[in-house]
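Notes below, in the order I looked things up.

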Amino acid sequence: MQMRFLACVLGFAVLGAAPAFADARSDAKSQVAFGIDVAQKGLWKEAIYRWERAVEIDPTYAAAFNNLAVAYEHEGQLDKARRAYEKAMEVEPNNLQIRQNYELFKEINDRTAADKEKP
Amino acid sequence: MTGPLPTRKSHRRLIALSAAALAATVMACGPVSYEIPIETPIQPKLDVTPFQRVLIAGFVAGGTDDVDTNQETVRLLRSQLRSKSSLRVIDADVMPLLEIAQEQSRATGTAVADASSATARESGAPQNVSDRDPKAAGQGLALPQKIREEKDLEPYERLFANTAYWKRIGEEYQNPLIVTGTVLFTPQSRSGFVSRDVEQYDSFGRRRVIPTRTYMERKGFMLRPKFVFIDGRSGATMYSESYREEVLYNAQQSTPALSSYFELMDRLVPNFLSTLSSQKIRGTRVLLK
């Protein structure tokens with residue numbers, strides 16, 4: 001009887017969390033979409049703000065991390081860009097578009113790092 | 001008799017409606033990826049904030065006689081810096097560093113010789129030049145008159161370590177950032193197998209590109225510059241960077257040395273500029289929904 005009650009509570013908890021997760025993803029999606037709109041208009045700082053909000057709301061949203069990395073790259077914040085790309089790759093390791101962005105980023109970043117290492 | 005027909009019709013209509021609904025949904029959702037151009041700013045490798053002016057002094061240059069590499073390098077770098085850097089470029093005569101280094105070397109040699117003959121007089125040893133310690137006499141000498149290959153440049157390196165000399169130059173031009181170094185521009189010829197794409201058409205007229213290996217004799221040039229950045233206030237070297245670029249053409253093709261020189265310098269100039277001023281690297285990335 002007690003076991004049945006516990007199973008019931010667990011079931012309700014799972015069912016209750018699902019809409020909450022869906023809400024979070026939906027909020028994050030609207031932030032990402034708005035970020036894309038403003039980035040296309042050249043407002044990269046606003047885009048960064050939106051995508052930072054998106055990853056706060058949903059830390060498993062690979063696209064938001066990818067976009068954030070692109071924006072950091074555009075702003076010259078290369079360390080932050082690397083971290084964001086790595087996070088995006090960690091969440092979605094098989095996403096070819098994220099991988100392609102990351103490879104292009106690495107080409108620039110590795111070059112500047114090599115230059116810094118020279119005496 | 002007429003029974004099955006409406007059923008098939010309604011089935012088709014259902015498929016059509018589903019397809020339309022799916023298309024409408026896709027249209028409403030919009031694309032999931034957007035290609036966007038970006039410009040990544042790259043910080044300069046050297047902190048040039050203490051300087052307002054830059055002196056491209058001159059280069060110890062060698063290799064082919066077809067191009068005055070010292071003059072051309074100074075002229076090119078000055079014009080690039082004028083348009084792509086915030087530093088004011090000093091217009092001054094190009095320094096003949098090869099001759100300057102040789103003069104410095106002769107002066108050092110004479111000083112060494114004088115010192116060693118004075119020592120010899122005091123000790124009663126023979127004063128003949130040939131009797132002198134060749135190592136001591138040779139110190140500062142042994143600069144090749146003509147620079148043909150890389151090892152000829154090595155003895156000239158000490159010119160850039162002569163802080164007193166560069167400090168004096170710095171004082172003369174009110175303490176600018178001084179850019180100098182060595183440039184070697186040499187002809188190259190090489191023969192061997194080269195992979196090339198060859199177009200072929202089959203009997204149906206279809207075009208195919210087949211990679212084939214052919215033996216070729218090729219001629220061209222190699223450019224090896226080393227840029228040395230000197231603090232005009234102290235005469236000390238702040239930073240130096242070496243590059244190597246090569247271009248080879250078919251042996252039958254006749255390309256003037258000067259155009260090859262510019263072709264190779266074109267590849268290096270962005271790297272040179274990125275030492276002194278921030279650069280923007282253009283590219284495209286994909287934003288995702």
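**Cores**

I started with the largest nonpolar core, which has 37 residues, and Val60(B) and Val179(B) have the most contacts inside it. For a core I count buried Ala, Val, Leu, Ile, Met, Phe, Trp, Tyr and Cys residues joined through C-beta atoms within 7 Å. Buried means 20 or more other C-beta atoms within 10 Å of a residue's own, exposed 12 or fewer, partly exposed in between, with C-beta atoms placed from the backbone.

E2(B) gives the most to this core, seven residues. Helices (H or I, at least four residues) and strands (E, at least two) are DSSP runs, numbered from the N terminus.

I also noted a second, separate core of 31 residues, which includes Tyr85(A) and Phe105(A).

This is a predicted model, so I kept in mind that local features need pLDDT of at least 70 and side-chain atom pairs pLDDT 80 or more, while totals for chains, interfaces and linings use all residues. Residues are numbered from 1 along each chain as its sequence is written, and chains are lettered from A and ligands numbered from 1 in the order written.

**Helix H4(A)**

Which residues of H4(A) are buried? I found Leu78(A), Ala81(A), Ala84(A), Tyr85(A) and Ala88(A). They lie on the same side of H4(A), because they cover an arc of only 120° around the axis, taken from the directions from the helix axis to the C-beta atoms. On the other side, Asp79(A) and Glu90(A) are exposed.

**Helix H7(B)**

I saw H7(B) bend by about 35° at Leu268(B), with Pro270(B) following within four residues. The bend is the angle between axes fitted to the seven residues ending there and the seven starting there.
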